[in-house]
Amino acid sequence: MNETLEILAVLSALQIKHLVVDFFVQGRFQIMWQNKHKLTHIGGWLHAGSHGLSTLIVFGCLGSWDSAWLLGGADMCIHFAIDRAKMNIGRHTGWKCDTSP
């Protein structure tokens, strides 16, 4: 497989994992999306951890387990920070995330 197709395959796998975690997993568990604005609430950490774990699996399946741990951890931390900021901005501006996808 050439390099372009490999990159496309990785990006596709990451998009699919994002769809699964955000739509199918998060949508089934209210705790994961309702309290992401709270730093100490387990919901945001569970959601971000689901993203980190699924990124670890995607890159692990590609055979790069050393990178997978780093990328999974980074994905979890970045995803938590972005979701928390997004939820807090929404709370301060009156925008709400009060329904499941």
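Reader: At what angle do helix α3 and helix α4 pack, and how far apart are their axes?

Author: The model is a predicted one. In it, helix α3 covers residues 42-61 and helix α4 covers residues 65-93. The two pack at an angle of about 155°, and the distance between their axes is 7 Å.

Reader: Are α3 and α4 roughly parallel or roughly antiparallel to each other?

Author: Angles over 145 degrees count as roughly antiparallel. The angle between α3 and α4 is about 155°. The two helices are therefore roughly antiparallel.

Reader: Is the crossing of α3 and α4 left-handed or right-handed, and which residues make the contact?

Author: The crossing of these two helices is right-handed. From α4, the contact draws on W65, A68, W69, L71, G72, D75, M76, H79, F80 and D83. From α3, the contributors are G44, W45, H47, A48, G49, H51, G52, T55, L56, F59, G60 and C61.

Reader: What span is expected for α3, and what does the model give?

Author: Helix α3 has 20 residues, and the expectation rests on 1.5 Å a residue.

Reader: What is the corresponding result for α4?

Author: Helix α4 has 29 residues, so at 1.5 Å a residue it should span 42 Å. The distance between its end C-alpha atoms agrees with this, at 41 Å.

Reader: Which residue just after α3 takes a positive phi, and which one follows α4 with a positive phi?

Author: Just after α3, the residue with a positive phi of about 95° is G63. After α4, the residue with a positive phi, near 90°, is G94.

Reader: Is T55 buried or exposed, and with which residues is T55 in contact beyond its neighbours in sequence?

Author: T55 is found in helix α3. Its relative accessibility is 4%, and buried means under 20%, so T55 counts as buried. With neighbours within four places in sequence left aside, T55 is in contact with L14, K17, L71, G72 and D75.

Reader: Where does H79 lie, and what are its contacts beyond its neighbours in sequence?

Author: H79 lies in helix α4. Its relative accessibility of 10% is the reason H79 counts as buried. When neighbours within four places in sequence are set aside, the contacts of H79 are H18, D22, H47 and H51.

Reader: Is I82 buried or exposed, and how far is I82 from K36 in space?

Author: I82 is found in helix α4. With a relative accessible area of 51%, I82 is exposed, because the cut-off for that class is over 50%. I82 and K36 are 46 residues apart in sequence, and their C-alpha to C-alpha distance is 9.9 Å.

Reader: In which helix is V20, and what separates V20 from H51 in space?

Author: V20 has its place in helix α1, which covers residues 3-28. At 35% relative accessibility, V20 counts as partly exposed. V20 and H51 are 31 residues apart in sequence, and C-alpha to C-alpha they are separated by 9.5 Å.

Reader: How many helices and strands does the protein have, and what pattern does it follow?

Author: The protein has zero strands and four helices. Read along the sequence, the pattern is α-α-α-α.

Key
Residues are numbered from 1 along each chain as its sequence is written. This is a predicted model: local features need pLDDT of at least 70, side-chain atom pairs count only at pLDDT 80 or more; totals for chains, interfaces and linings use all residues. Side-chain values use heavy atoms; hydrogens and water are left out. Axes are lines fitted to C-alpha atoms, for helices over the stretch in contact, and angles run from 0 to 180 degrees between N-to-C directions. Angles under 35 degrees count as roughly parallel, over 145 as roughly antiparallel, 65 to 115 as roughly perpendicular and the rest as oblique. A crossing is left-handed if the near helix is turned anticlockwise from the far one by less than a right angle, and right-handed if clockwise. Contact means heavy atoms within 4.5 Å. Buried means under 20% relative accessible area, exposed over 50%, partly exposed in between (1.4 Å probe, protein chains only). The expected span of a helix is 1.5 Å times one less than its number of residues.
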